[in-house]
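Reader: I have a model open and would like to talk through its features. Could we begin with the side chains and then turn to the sheet?

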Amino acid sequence: MKKISLIIMSVCAFIPSLFAQSVISVSGKSEMSITPDEVHLLLTEKEYHSIDFKGKVFIDYGDYSSNINFNQSLYESTLPDDKFQFTVSDKVYEGKKKDIKYTLVDINTLEDRLIRAAVKAGISKDNIKITDIGDYWRWRNGPFLVSRQYDLKITDPVQLNKFISSLDKQGVTSISFGELKNKDMEQYDRKGRIQALENARDKATYMVQTYNGTLGSPKSIDDGNMPIVTSPMIQPRMFKSAAITEMADEAGNFDAGSGTLESLDTFPVIKKTYTVNVVFDVNY
(Lines give C-alpha, C1' and ligand atoms only; values in the text may rest on other atoms or scores of the structure.)
Protein backbone atom coordinates (compact mmCIF):
# COMPACT_ATOMS: atom_id res chain seq x y z
CA MET A 1 0.00 0.00 0.00
CA LYS A 2 2.85 2.31 0.81
CA LYS A 3 4.43 1.53 -2.56
CA ILE A 4 1.19 2.38 -4.40
CA SER A 5 0.93 5.70 -2.54
CA LEU A 6 4.44 6.63 -3.62
CA ILE A 7 3.60 5.84 -7.24
CA ILE A 8 0.44 7.97 -7.10
CA MET A 9 2.37 10.86 -5.54
CA SER A 10 5.03 10.64 -8.26
CA VAL A 11 2.38 10.73 -10.99
CA CYS A 12 0.65 13.71 -9.38
CA ALA A 13 3.96 15.55 -9.18
CA PHE A 14 4.62 14.81 -12.86
CA ILE A 15 1.24 16.04 -14.14
CA PRO A 16 1.79 19.76 -13.30
CA SER A 17 5.20 19.66 -14.95
CA LEU A 18 3.60 18.09 -18.04
CA PHE A 19 1.01 20.87 -18.26
CA ALA A 20 3.71 23.49 -17.57
CA GLN A 21 5.31 22.47 -20.86
CA SER A 22 2.07 23.36 -22.77
CA VAL A 23 3.07 26.94 -23.37
CA ILE A 24 4.38 29.01 -26.21
CA SER A 25 6.77 31.94 -25.91
CA VAL A 26 6.69 34.56 -28.66
CA SER A 27 7.95 38.08 -29.27
CA GLY A 28 5.83 40.91 -30.61
CA LYS A 29 6.93 44.04 -32.42
CA SER A 30 5.44 47.30 -33.64
CA GLU A 31 6.83 50.46 -35.19
CA MET A 32 5.49 54.01 -35.08
CA SER A 33 6.37 57.21 -36.91
CA ILE A 34 5.65 60.32 -34.86
CA THR A 35 5.89 63.94 -35.96
CA PRO A 36 7.50 66.01 -33.18
CA ASP A 37 6.03 69.29 -32.01
CA GLU A 38 9.37 70.37 -30.54
CA VAL A 39 12.77 70.02 -32.18
CA HIS A 40 16.15 70.90 -30.73
CA LEU A 41 18.69 72.07 -33.29
CA LEU A 42 22.33 71.78 -32.24
CA LEU A 43 24.62 74.26 -33.95
CA THR A 44 28.33 74.95 -33.49
CA GLU A 45 30.13 78.13 -34.55
CA LYS A 46 33.84 78.91 -34.49
CA GLU A 47 35.79 82.12 -34.87
CA TYR A 48 37.64 82.69 -38.12
CA HIS A 49 39.73 85.34 -39.90
CA SER A 50 38.58 87.45 -42.81
CA ILE A 51 41.46 88.38 -45.14
CA ASP A 52 41.08 91.49 -47.30
CA PHE A 53 43.88 91.52 -49.86
CA LYS A 54 43.67 94.50 -52.21
CA GLY A 55 39.87 94.33 -52.27
CA LYS A 56 39.67 90.54 -52.52
CA VAL A 57 38.16 88.87 -49.47
CA PHE A 58 39.18 85.38 -48.33
CA ILE A 59 38.20 83.31 -45.31
CA ASP A 60 40.82 81.59 -43.15
CA TYR A 61 39.41 79.08 -40.68
CA GLY A 62 42.82 78.46 -39.16
CA ASP A 63 42.72 74.67 -39.36
CA TYR A 64 43.38 71.72 -41.64
CA SER A 65 40.34 72.48 -43.84
CA SER A 66 41.44 75.99 -44.84
CA ASN A 67 42.37 76.34 -48.50
CA ILE A 68 44.63 79.33 -47.75
CA ASN A 69 48.36 78.63 -47.40
CA PHE A 70 51.00 81.26 -46.61
CA ASN A 71 54.65 80.76 -47.50
CA GLN A 72 55.53 82.01 -44.01
CA SER A 73 53.62 82.60 -40.83
CA LEU A 74 51.58 85.78 -40.92
CA TYR A 75 51.80 85.91 -37.12
CA GLU A 76 55.60 86.04 -36.88
CA SER A 77 56.17 89.25 -38.81
CA THR A 78 55.51 92.79 -37.66
CA LEU A 79 57.08 94.69 -40.56
CA PRO A 80 54.56 96.22 -42.98
CA ASP A 81 56.88 95.83 -45.98
CA ASP A 82 57.56 92.12 -45.38
CA LYS A 83 56.61 90.22 -48.50
CA PHE A 84 54.14 87.38 -48.46
CA GLN A 85 53.10 84.80 -50.95
CA PHE A 86 50.02 82.71 -50.40
CA THR A 87 47.79 80.40 -52.37
CA VAL A 88 44.04 80.07 -52.43
CA SER A 89 42.69 77.01 -54.26
CA ASP A 90 46.06 76.70 -56.07
CA LYS A 91 46.00 80.32 -57.25
CA VAL A 92 49.08 82.29 -56.11
CA TYR A 93 48.86 85.80 -54.61
CA GLU A 94 51.83 88.03 -53.72
CA GLY A 95 52.00 91.20 -51.69
CA LYS A 96 53.25 92.93 -48.59
CA LYS A 97 51.91 92.63 -45.09
CA LYS A 98 50.51 96.16 -45.27
CA ASP A 99 48.38 94.99 -48.21
CA ILE A 100 46.71 92.39 -46.03
CA LYS A 101 43.91 93.31 -43.65
CA TYR A 102 43.62 90.32 -41.36
CA THR A 103 40.43 90.63 -39.24
CA LEU A 104 39.21 88.26 -36.55
CA VAL A 105 35.47 87.54 -36.72
CA ASP A 106 35.00 86.83 -33.03
CA ILE A 107 32.53 84.56 -31.30
CA ASN A 108 30.34 87.43 -30.09
CA THR A 109 29.89 88.62 -33.67
CA LEU A 110 28.93 85.11 -34.71
CA GLU A 111 26.48 84.84 -31.83
CA ASP A 112 24.87 88.15 -32.77
CA ARG A 113 24.37 86.83 -36.32
CA LEU A 114 22.79 83.67 -34.99
CA ILE A 115 20.41 85.51 -32.66
CA ARG A 116 19.34 87.90 -35.43
CA ALA A 117 18.58 84.98 -37.75
CA ALA A 118 16.68 83.19 -34.97
CA VAL A 119 14.57 86.22 -34.05
CA LYS A 120 13.85 86.82 -37.74
CA ALA A 121 12.59 83.24 -37.96
CA GLY A 122 10.33 83.70 -34.93
CA ILE A 123 12.52 81.84 -32.43
CA SER A 124 12.58 83.46 -29.00
CA LYS A 125 15.95 84.33 -27.43
CA ASP A 126 14.79 82.35 -24.39
CA ASN A 127 14.83 79.23 -26.60
CA ILE A 128 18.53 79.60 -27.41
CA LYS A 129 20.93 78.00 -24.94
CA ILE A 130 24.72 77.71 -24.95
CA THR A 131 25.60 74.07 -24.29
CA ASP A 132 29.37 74.08 -24.80
CA ILE A 133 32.26 76.49 -25.31
CA GLY A 134 35.87 76.11 -26.35
CA ASP A 135 37.88 74.23 -28.94
CA TYR A 136 40.79 71.84 -29.07
CA TRP A 137 42.40 72.78 -32.39
CA ARG A 138 45.15 75.32 -32.97
CA TRP A 139 46.76 75.68 -36.37
CA ARG A 140 50.09 77.04 -37.65
CA ASN A 141 50.96 78.51 -34.24
CA GLY A 142 48.09 80.91 -34.79
CA PRO A 143 45.75 82.37 -32.19
CA PHE A 144 43.36 80.15 -30.32
CA LEU A 145 39.93 80.32 -31.97
CA VAL A 146 36.90 80.01 -29.70
CA SER A 147 33.86 77.92 -30.57
CA ARG A 148 30.39 77.67 -29.04
CA GLN A 149 27.62 75.13 -29.35
CA TYR A 150 23.99 76.21 -29.17
CA ASP A 151 20.73 74.39 -28.59
CA LEU A 152 17.78 76.06 -30.32
CA LYS A 153 14.27 74.95 -29.37
CA ILE A 154 12.03 75.13 -32.44
CA THR A 155 8.28 74.49 -32.37
CA ASP A 156 7.33 75.13 -35.99
CA PRO A 157 8.85 73.74 -39.22
CA VAL A 158 8.50 77.20 -40.75
CA GLN A 159 10.85 78.54 -38.06
CA LEU A 160 13.39 75.84 -38.91
CA ASN A 161 13.36 76.61 -42.62
CA LYS A 162 13.51 80.39 -42.12
CA PHE A 163 16.37 80.12 -39.65
CA ILE A 164 18.51 77.87 -41.84
CA SER A 165 17.81 80.05 -44.88
CA SER A 166 18.66 83.37 -43.21
CA LEU A 167 21.64 82.24 -41.10
CA ASP A 168 25.06 83.43 -42.26
CA LYS A 169 26.90 80.11 -42.53
CA GLN A 170 30.40 81.58 -42.32
CA GLY A 171 31.83 80.23 -39.09
CA VAL A 172 29.23 77.45 -38.75
CA THR A 173 31.04 74.13 -38.33
CA SER A 174 28.16 71.73 -37.71
CA ILE A 175 24.38 71.49 -37.51
CA SER A 176 22.46 68.46 -36.27
CA PHE A 177 19.14 67.55 -34.71
CA GLY A 178 19.17 66.94 -30.99
CA GLU A 179 16.20 65.87 -28.90
CA LEU A 180 12.85 65.45 -30.67
CA LYS A 181 9.70 65.72 -28.54
CA ASN A 182 5.94 65.32 -28.78
CA LYS A 183 3.61 66.30 -25.95
CA ASP A 184 1.45 63.20 -26.60
CA MET A 185 4.39 60.78 -26.51
CA GLU A 186 2.94 58.79 -23.60
CA GLN A 187 -0.18 58.05 -25.64
CA TYR A 188 1.92 57.01 -28.63
CA ASP A 189 3.97 54.71 -26.38
CA ARG A 190 0.79 53.13 -25.05
CA LYS A 191 -0.54 52.55 -28.56
CA GLY A 192 2.81 51.15 -29.71
CA ARG A 193 2.98 48.62 -26.89
CA ILE A 194 -0.64 47.52 -27.46
CA GLN A 195 0.15 46.91 -31.13
CA ALA A 196 3.23 44.90 -30.14
CA LEU A 197 1.07 42.76 -27.82
CA GLU A 198 -1.47 42.20 -30.58
CA ASN A 199 1.35 41.19 -32.90
CA ALA A 200 2.59 38.65 -30.32
CA ARG A 201 -0.92 37.20 -29.87
CA ASP A 202 -1.51 36.88 -33.63
CA LYS A 203 1.84 35.20 -34.10
CA ALA A 204 1.21 32.74 -31.28
CA THR A 205 -2.31 31.97 -32.56
CA TYR A 206 -1.32 30.84 -36.05
CA MET A 207 1.69 28.92 -34.74
CA VAL A 208 -0.47 26.96 -32.28
CA GLN A 209 -3.23 26.37 -34.83
CA THR A 210 -0.67 24.68 -37.08
CA TYR A 211 -0.76 21.81 -34.55
CA ASN A 212 -4.56 21.99 -34.07
CA GLY A 213 -4.16 23.69 -30.72
CA THR A 214 -5.91 26.69 -29.19
CA LEU A 215 -4.25 29.62 -27.55
CA GLY A 216 -4.92 30.17 -23.86
CA SER A 217 -4.32 33.10 -21.52
CA PRO A 218 -0.94 34.81 -21.20
CA LYS A 219 1.19 33.53 -18.35
CA SER A 220 3.75 36.32 -18.45
CA ILE A 221 4.38 39.53 -20.35
CA ASP A 222 7.80 41.13 -20.58
CA ASP A 223 8.16 44.66 -21.94
CA GLY A 224 11.26 44.49 -24.13
CA ASN A 225 13.18 47.26 -22.38
CA MET A 226 12.74 50.86 -23.44
CA PRO A 227 11.48 51.67 -26.95
CA ILE A 228 14.23 51.98 -29.52
CA VAL A 229 14.17 55.49 -30.97
CA THR A 230 15.66 56.34 -34.32
CA SER A 231 15.39 59.72 -35.99
CA PRO A 232 17.00 61.18 -39.10
CA MET A 233 19.71 63.72 -38.49
CA ILE A 234 21.34 66.61 -40.23
CA GLN A 235 24.70 64.93 -40.02
CA PRO A 236 27.25 67.28 -38.42
CA ARG A 237 28.35 69.00 -41.59
CA MET A 238 31.81 70.49 -41.67
CA PHE A 239 31.04 73.58 -43.71
CA LYS A 240 34.60 74.79 -43.44
CA SER A 241 35.97 71.65 -45.10
CA ALA A 242 33.40 70.17 -47.46
CA ALA A 243 31.94 73.52 -48.50
CA ILE A 244 35.29 75.06 -49.34
CA THR A 245 36.49 72.16 -51.45
CA GLU A 246 33.20 71.53 -53.21
CA MET A 247 31.44 74.90 -53.41
CA ALA A 248 34.11 77.57 -53.20
CA ASP A 249 34.50 80.03 -56.01
CA GLU A 250 37.83 81.37 -57.21
CA ALA A 251 38.00 83.94 -54.44
CA GLY A 252 37.33 81.34 -51.78
CA ASN A 253 33.79 82.51 -51.13
CA PHE A 254 31.12 79.87 -50.74
CA ASP A 255 27.53 79.27 -49.81
CA ALA A 256 27.57 76.57 -47.16
CA GLY A 257 23.80 76.62 -46.97
CA SER A 258 23.10 75.23 -50.41
CA GLY A 259 21.73 71.71 -50.72
CA THR A 260 19.51 69.82 -48.35
CA LEU A 261 19.70 72.29 -45.47
CA GLU A 262 17.80 74.92 -47.44
CA SER A 263 14.85 72.55 -48.00
CA LEU A 264 14.12 71.79 -44.35
CA ASP A 265 10.45 72.76 -44.46
CA THR A 266 9.28 69.80 -42.36
CA PHE A 267 10.35 68.35 -39.04
CA PRO A 268 12.20 65.01 -38.98
CA VAL A 269 10.08 62.00 -38.01
CA ILE A 270 10.56 60.20 -34.70
CA LYS A 271 10.62 56.45 -35.38
CA LYS A 272 10.01 54.16 -32.42
CA THR A 273 10.19 50.38 -32.24
CA TYR A 274 8.38 48.52 -29.44
CA THR A 275 9.05 44.90 -28.49
CA VAL A 276 7.35 42.55 -26.01
CA ASN A 277 7.88 38.93 -25.00
CA VAL A 278 4.76 36.98 -24.05
CA VAL A 279 4.29 33.42 -22.76
CA PHE A 280 0.81 31.89 -23.49
CA ASP A 281 -0.86 28.73 -22.25
CA VAL A 282 -1.64 26.27 -25.04
CA ASN A 283 -4.44 23.70 -25.17
CA TYR A 284 -4.13 20.63 -27.43
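Reader: Are Tyr48 and Tyr61 buried or exposed?

Author: Both Tyr48 and Tyr61 are buried. Please keep in mind that this is a predicted model.

Reader: How are the rings of Tyr48 and Tyr61 arranged as an aromatic pair?

Author: The pair is tilted, with 5.6 Å from centre to centre and 50° between the planes.

Reader: Why is 50° between the planes called tilted?

Author: Planes under 30 degrees apart count as stacked and those over 60 as edge-to-face, so the rest, this pair included, are tilted.

Reader: Where in the chain do the two tyrosines sit?

Author: Tyr48 belongs to strand β3, which covers residues 48–53. Tyr61 lies in the loop between β4 (56–60) and β5 (68–70). They are 13 residues apart, and the pair links distant parts of the chain.

Reader: How many aromatic pairs does a search of the whole structure find?

Author: The search finds three aromatic pairs.

Reader: Turning to the open sheet, what is the order of its strands?

Author: The four strands follow the order β9-β10-β2-β11, and their pairing is antiparallel.

Reader: Which strands stand at the edges, and why does one side of each lack a neighbour?

Author: The edges are β9 (128–133) and β11 (172–181). Each has a single partner strand, so one side of each is left without a neighbour in the sheet.

Reader: How many bridges join β2 to β10?

Author: Eight bridges join strand β2 (residues 38–46) to strand β10 (residues 147–154), and the two run antiparallel.

Reader: Which strands do helices α2 and α3 lie across?

Author: Helix α2 (residues 107–120) lies across β2, β9 and β10, and runs at about 10° to β10. Helix α3 (residues 157–166) lies across β2, β10 and β11, running at about 10° to β2.

Reader: Finally, the chain as a whole: how many helices and strands, and what share of residues is buried?

Author: There are five helices and 14 strands. Of the 284 residues, 38% count as buried. The accessible surface comes to about 16500 Å², and carbon and sulfur atoms hold 52% of that surface.

Reader: What share of the contacts with a separation of 6 or more comes from residues 24 or more positions apart?

Author: Such residues account for 76% of those contacts in the chain.

Key. Residues numbered from 1 in each chain as written. Predicted model: local features only at pLDDT ≥ 70, side-chain atom pairs only at ≥ 80, totals over all residues. Heavy atoms only, no water. Phe/Tyr/Trp six-rings, centres within 6.5 Å; stacked < 30°, edge-to-face > 60°. Buried < 20%, exposed > 50% of the residue type's maximum accessible area, 1.4 Å probe, protein only. Pairing = 2+ DSSP bridges. Contact = heavy atoms within 4.5 Å. Axes fitted to C-alpha atoms, helices over the stretch in contact; angles between N-to-C directions. Areas by Shrake-Rupley, 256 points an atom, 1.4 Å probe, with all protein chains shown as cover.
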